[in-house]
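The following report describes selected features of a single structural model.

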Amino acid sequence: MNYTICQRISFDFSGKFLPPVYILVFIIGVAANGWGLKSLLHNWKKLGNVNIFVLNLGLADFLYLLTLPFLIVYFLMKSKWIFGEVFCKITRFCFNLNLYGSIGFLTCISMYRYLAIVHPLRVKGRLTVKLSVSISVLVWSTVSVLSLPDMFYPKHPENKTLKCYDTTTDAHVEDYQKYSLGWTLIGFGIPLLITLGCYGHVIVTLCRTNTIDKVLKQRSLMLLFILILLFSVCYIPYHVLKNLNLLARVLTKEGTCQGWFNGVYIARQISRGLVSLNSALNPLVYLNGHEDISAQLRRLLQRVRQMFSRVSSTNFSSVPVTQTTHDI
């Protein structure tokens, strides 16, 4: 095995890359989730089965979005955390609730869609609001319990400098690596396999059956596309690079240096920005599942086009003919 001299890790990269991403996610996420949740609450009497999970998905997004201003300040101040260690841990806890809560609710949506398409007669009348609420409570409880151990890992280094680690200090990195691998398997790996299995079966059923409603087919295929986007862009890179970075830290602590450590760290910071995008991309599920929101979006886009058309026609008519000819 070829070892190279330990290179200095480029810690400055996160301070330059993450703040603009977090600001963008905060603005888009608050606007999109606020709009989606407002529409859901406005149509509360129509809610049932899958829509309950969509509502919880939005709540999980808001829980994380509310912590982003503090992280933005943290990175703009060159990784100086001024809000105390307790709130640092609460912030990281909210991130885990959002991340694994989102994965859990997306998995529930996939399973409900699978049952409704592949086994419609067996589940007819059984996928009730009460069942959906019970499953949602179970998801929140499971994610909360599994996220609690993270709260007991130190988030500040031993020298008490103002830091807020998203994992833990080097003194506890070996234990945290085991915890992270377990969380990756339970919170990400198993839901991913369930989602792939559900939609693999759904696609086969949609291809073989011609009696399924066309609108339902379109929504199912669109939801599949959204899930592929979320998992491939947000979730998979984050979990792979998080565990690789922890491995690099463990090896460094053991005195082993390899050339890929710095590259993995930078890629890991990029994945942190990408995983935060899930709070801005999750509202796509609203658009997929609710005709009212889709209709509102179409009307909004139509108004924007009409507005630009009026502005363009007004500007054109106000330009003198001689000037227009000269410009041509």
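Cys88 and Cys164 form a disulfide, with 2.0 Å between their sulfur atoms; the criterion is a pair of cysteine sulfur atoms within 2.5 Å. By this rule the count comes to 1 disulfide. The torsion about the S-S bond of Cys88 and Cys164 is about 100°, so the disulfide is right-handed. The pair links distant parts of the chain, 76 residues apart: Cys88 belongs to helix 4, and Cys164 to the loop between helix 6 (129–151) and helix 7 (173–208). Helices here are DSSP runs (H or I, at least four residues), numbered from the N terminus.

The model is predicted: local features need pLDDT of at least 70 and side-chain atom pairs count only at pLDDT 80 or more, while totals for chains, interfaces and linings use all residues. Residues are numbered from 1 along each chain as its sequence is written, and side-chain values use heavy atoms, with hydrogens and water left out.

Both Cys88 and Cys164 are buried, where buried means under 20% relative accessible area, exposed over 50% and partly exposed in between (1.4 Å probe, protein chains only). Values for three further residues are tabulated below.

| Residue | Relative accessible area | Class |
|---|---|---|
| Cys108 | 10% | buried |
| Cys234 | 0% | buried |
| Phe62 | 22% | partly exposed |

Phe62 lies in helix 2 (residues 50–65). Leaving aside its neighbours within four places in sequence, Phe62 is in contact (heavy atoms within 4.5 Å) with Val30, Asn33, Gly34 and Leu37. Phe62 and Asn98 are 36 residues apart in sequence, and their C-alpha atoms are 8.3 Å apart in space.

The model also contains 1 cavity of 30 Å³ or more. A cavity is a set of points on a 1 Å grid over the protein atoms alone where a 1.4 Å probe fits but cannot get out, and lining residues have an atom within 4 Å of a point. The largest cavity holds about 170 Å³ of space, the volume being the space filled by probe spheres set on grid points joined across faces, edges and corners.

Its lining comprises 14 residues, of which Arg92, Phe95, Asp166, Tyr238 and Arg272 lie nearest the centre of the largest cavity. Helix 4 (85–118), helix 8 (214–253) and helix 9 (261–276) are the elements that give two or more residues to this lining. Helix 4 supplies the largest share, 4 residues. By residue class, the lining of the largest cavity divides into 7 nonpolar, 2 polar and 5 charged residues; Ala, Val, Leu, Ile, Met, Phe, Trp, Tyr, Cys and Pro count as nonpolar, Asp, Glu, Lys and Arg as charged, and the others, Gly among them, as polar.

Notes. On a 1 Å grid over the protein atoms alone, a cavity is a set of points where a 1.4 Å probe fits but cannot get out, and a pocket is an open set with protein on both sides within 12 Å along at least five of seven lines; lining residues have an atom within 4 Å of a point.
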